[in-house]
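Colleague: I would like to learn how to read this fold. Can we take it feature by feature?

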Amino acid sequence: MTPRELGHRWPAEWEPHAATWLSWPRPDGISFPDRYADVLPTLGELVRALTPHEPVHINVRTAEVERIARQTIGDLTNVHFHSIPSYEPWCRDHGPMFLKRGDETAIVDWRYNAWGGKYPPFDDDDAVPQRIAELLQLPVFQPGLVMEGGALDGNGAGLLLTTEACLLNPNRNPQLTRPQIEQALRDHLGVEQILWLGSGITGDDTDGHVDDITRFVGTDTVVTAVESDSQDENYWPLRDNLERLRAMPAIRRIVELPMPGRVTHAGQRLPASYANFYIANKVVLLPTYRHPRNDEAAREILQSLFPTRQVVPIDSTALIWGLGSFHCLTQQQPL
């Protein structure tokens, strides 16, 4: 039987967490070429912002990676390390998706192919959900489809947002039609309605993950990234997504979130976005990019939407060189 038939659902990110999961990057990984040391302080801030509010579980590839992580974050009692190897740190995409049925927890283990086979090898990353399930002794559902957590955003009450650019890309599940993909999402996440946006932002190597552009912040409320500069490459794709949202009856409120402008390194446009925030117990972790106005504007917008949580801005300028930020790094385990 499918998770939906058994009564499981995928909780919203703002629902209570039992923990946050991370996969610590290795020094010889491909995510941060020539800048590994630069991202460590940001990762330390990320963990220290979470641990007062929920346990943090960190997957490490080797004892040396664990040593680096411990040195980076300091002596925190609410951190737990596990010998679960991955090649890269993007736990949102290679990690498990947790389901709930009452007090019971289960895991969906999608297949993972490094965003369409872009960065082999990825066998260890693909095995992370199974290894976490074994560690936690949780039941596992394996749909057999390639899917990444950053490609999906849910409201915990039957709605799911995604993009055509990612889920319909032939480098994921070329054998499946759009209706078949929709049915798989309904069957394994317990959702009712799939809401399709168009494409993602420039520099995003995931083919358009939704967690860089539009996020649920309530059962019928979203924040969506908009670009004010009509000459910017992101202006029209984000405008198209905004118009799609306006045409969706299930979305009652749309809050526009500014973009941080062009963020580049070594001549490469990076997928910097405030939408890649992470909602944890009592805090929201907001990536910032040293923009003179929009960093604070984004903080104020999210603070107004999460009045019972503290929005914590953390400079993500070095981290975005890996083409992801806080949401890409984290995976919530619901309580």
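Predicted model: local features only at pLDDT ≥ 70, side-chain atom pairs only at ≥ 80, totals over all residues.

Colleague: How many bridges join β11 to β12, and do the strands run parallel or antiparallel?

Modeller: The general idea comes first. Strands of a sheet pair through backbone hydrogen bonds, in either a parallel or an antiparallel way. Here, β11 (residues 221-226) and β12 (residues 253-258) run parallel, joined by six bridges. Another pair to find is T224, whose bridge partner in β12 is E256.

Colleague: How does β10 connect to β11?

Modeller: Through a hairpin of two residues. The two strands run antiparallel, with four bridges between them. Look for G218: its bridge partner in β11 is T221.

Colleague: Is β10 mostly covered or mostly open?

Modeller: Mostly covered. Strand β10 spans residues 214-218, and five of its five residues are buried. As a general point, side chains in a regular strand alternate between the two faces of the sheet.

Colleague: Which helix makes a β-α-β unit with β11 and β12?

Modeller: Helix α10, residues 235-246. The unit is right-handed.

Colleague: Where is β8 in the order of the open sheet it forms with β7 and β9?

Modeller: In the order β7-β8-β9, again with mixed pairing. The edge strands are β7 (153-154) and β9 (193-197). Strand β8 (residues 159-163) runs parallel to β9, with five bridges joining them.

Colleague: Now a single residue. Is T42 buried or exposed?

Modeller: The cut-off for buried is under 20% relative accessible area. T42 has 7%, so T42 is buried. T42 sits in helix α2 (residues 36-50).

Colleague: Which residues does T42 touch, beyond those up to four places away in sequence?

Modeller: I314, D315, L319 and F326. T42 and T72 are 30 residues apart in sequence, yet 9.3 Å apart C-alpha to C-alpha.

Colleague: What share of contacts in the whole chain joins residues at least 24 apart?

Modeller: 75%, among contacts between residues at least 6 apart in sequence. The chain holds twelve helices and 18 strands. Of its 335 residues, 63% are buried.

Colleague: Why does the radius of gyration agree with a compact globule?

Modeller: Because a compact globule of 335 residues would have a radius near 20 Å, and this chain has 18 Å. Along its principal axes, the C-alpha trace spans about 50 × 50 × 40 Å. The chain exposes about 13000 Å², and carbon and sulfur atoms supply 48% of that.

Note on methods. Residues numbered from 1 in each chain as written. Heavy atoms only, no water. Pairing = 2+ DSSP bridges. Right-handed = clockwise from strand over helix to strand, strands pointing away. Rg over C-alpha atoms; globule rule 2.2 N^0.38 Å. Buried < 20%, exposed > 50% of the residue type's maximum accessible area, 1.4 Å probe, protein only. Contact = heavy atoms within 4.5 Å. Areas by Shrake-Rupley, 256 points an atom, 1.4 Å probe, with all protein chains shown as cover.
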